Amino acid sequence: MIQVRNLAKTFGSFSAVSDVSFDVAEGEIFAFLGPNGAGKTTTIKMLTTLLKPSGGQIQLDGLDPQTHQNQVRQRFGIVFQDPSLDGDLTAWENMEVHGVLYHVPHKTRRHRAEELLKLFELWDRRNDQVKKFSGGMKRRLEIARGFLHTPKILFLDEPTLGLDPQSRNQLWTHVKGVNESERVTVFLTTHYMDEADRVAHRVGIIDHGKLVTQGTPKEIKEQTGTQTLEDAFLKLTGSTIRDESASSTDQMRQFAKMWSGGRR
Amino acid sequence: MNAIYILWLRELKRYTRSRAQIVASLGQPMLYLLVLGFGLNPVFKRAGYGSYFQFIAPGVIGMSVLFSSIFSGLGLLWDRQFGFLKETLVAPVPRIQIMIGRTLGGSTVAVIQGLLVLTICLVSGFRPASYSTIPLAIGFMVLIALLFAALGVVFGSSLQDMQGMQLIMNFIVLPIYFLSGAMFPLTDQGKILGFVTALDPLSYGVDGMRSVLLSSTFFRPAFGPALDLAVLVVVGTILLIFGAYRFSKIEI
């Protein structure tokens, strides 16, 4: 379903992703793991048509995201790592906009939006503006929105960041559900190794823009001679802490927060 | 088509929900209109140009449409930082539709803003030569709004962060306003100023509004409504195409 060959992306002299190759089969749940700044999000951006690769090939369902942007976009859904909601709109309106943009028929749209908002316990607040939501609620809404249409491939970029264990559990149950019932291929990143161990069929570990290893969680544990995926991960990527320099977007957010007095 | 509609609707909802901002955005035009309009009135009259208040009213309307529409395009920056832009960019909708939806939404908001200022003008004593020409003036507002919303998209697609906003404000938006003849007659100007003002698209918008609204006894058009219309349509179309092109190239 996803084929990546020798993928590379450089920003100036900095090489964010280099020579990454992997395959994700149809109906598979693939976890892409790596420390901060390892190139996970950059890879997802290239897979989802938001960034142009500097080199290498990508095929999603047999299509190149660069040349068949719209066909590719029709095939995937994505939950981003950082917020992508419109704070001035209500929760319901955010769902509506998404449904319309993804061509979900009117009736299905309303029905599914209701179902999902109830599932993620946002139904009572559906007519409130999103800027009044707490961090966890926003996150839940993004996830609910990601499930509104049924894509062939679902990208989840650190979806559980800032979620309580209840919502996390709800999310993974749901992900497994659509994976089994509708054969949705799932490509996810997370910092919680236990989640990856529990949910993913296969795991790829990336560090400094290079793919270190890939295989089933069991294979990786055997290969490193460790008990848990977390230990395996630390063994493969070392225990030094990575600092990501704040991107211009982060700086801008900070500035905007100051500017609008924390209005959003 | 639905995508265009929903994004248009979104711009409108955002506008109607920020009431404080609506009131705030009327402050500046009111200062120009009431303070400058009445303050310079006697001097202007003595110079034989008629009432300055009548003269400046269409200019102030043009100013509010300019500000509102160009900032709607620059709203891309906000959407970029709050992430909503990504949500629209990965959607299976051709980017041209997304750009059109946003631009139409921003232009609609700008025209509403212009109508609010027109109402303030009428309430505080502005009298068009004939009320039947108001629809024509609204037509010019629409053209100004579309043109500058497109220009806003051109800048909004190219800028990465807020620092650029100040540059755009001081070196693009304010010069466009001050050089448009919104505040002074464009006829009888020196060669250099005459040349520069003729390069400013807003000059044609304001001139067009004045040509249809003001009585010809006092106002002499600098270009004439036909030329105004032609320039606005041609430049507007070029900017819309260029804006759509820039928008299609956005990477995040």
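Biologist: Which residues of α10(B) do B:Pro58, B:Gly59, B:Ile61, B:Gly62 and B:Leu66 in α4(B) meet?

Modeller: Bear in mind that this is a predicted model, where local features need pLDDT of at least 70, side-chain atom pairs count only at pLDDT 80 or more, and totals for chains, interfaces and linings use all residues. Residues are numbered from 1 along each chain as its sequence is written, with chains lettered from A and ligands numbered from 1 in the order in which they are written. Contact is when C-beta atoms, placed from the backbone, lie within 7 Å. On that basis the α10(B) partners are B:Leu202, B:Gly205, B:Val206, B:Met209, B:Arg210 and B:Leu213.

Biologist: And how are α4(B) and α10(B) set to each other: parallel, antiparallel, perpendicular or oblique?

Modeller: Helices here are DSSP runs of H or I, at least four residues, and strands are runs of E, at least two, numbered from the N terminus. Helix α4 (52-81) and helix α10 (201-213) of chain B pack with axes 9 Å apart, at about 140°, with angles running from 0 to 180 degrees between N-to-C directions and axes fitted to C-alpha atoms, for helices over the stretch in contact. Under 35 degrees is roughly parallel, over 145 roughly antiparallel, 65 to 115 roughly perpendicular and the rest oblique. That angle therefore makes α4(B) to α10(B) oblique.

Biologist: Over in chain A, what is the strand order of the open sheet of 3 strands?

Modeller: Two strands pair if DSSP finds at least two bridges between them, and β1 (2-11) is joined to β2 of chain A by 7 bridges, running antiparallel. The edges are β2 (14-24) and β4 (55-60) of chain A, each pairing on one side only. So, with antiparallel pairing, the order in chain A reads β2-β1-β4.

Biologist: Which helix packs on that sheet?

Modeller: Look for the one touching β1, β2 and β4 of chain A. Its direction makes about 115° with that of β1(A). That's α1 (40-47) of chain A.

Biologist: Where does the largest share of the side of chain B that touches chain A come from?

Modeller: In total, 25 residues of chain B are in contact with 32 of chain A. The elements giving two or more residues to chain B's side are α1 (2-17) and α5 (84-89) of chain B. The largest share, 7 residues, comes from α1(B).

Biologist: Last one: how many helices and strands does chain B have?

Modeller: Its elements read α-α-α-α-α-α-α-α-α-α-α from the N terminus on. The C-alpha trace of chain B spans about 60 × 40 × 35 Å along its principal axes. The count for chain B is 11 helices and 0 strands.

Key: Contact = placed C-beta atoms within 7 Å.
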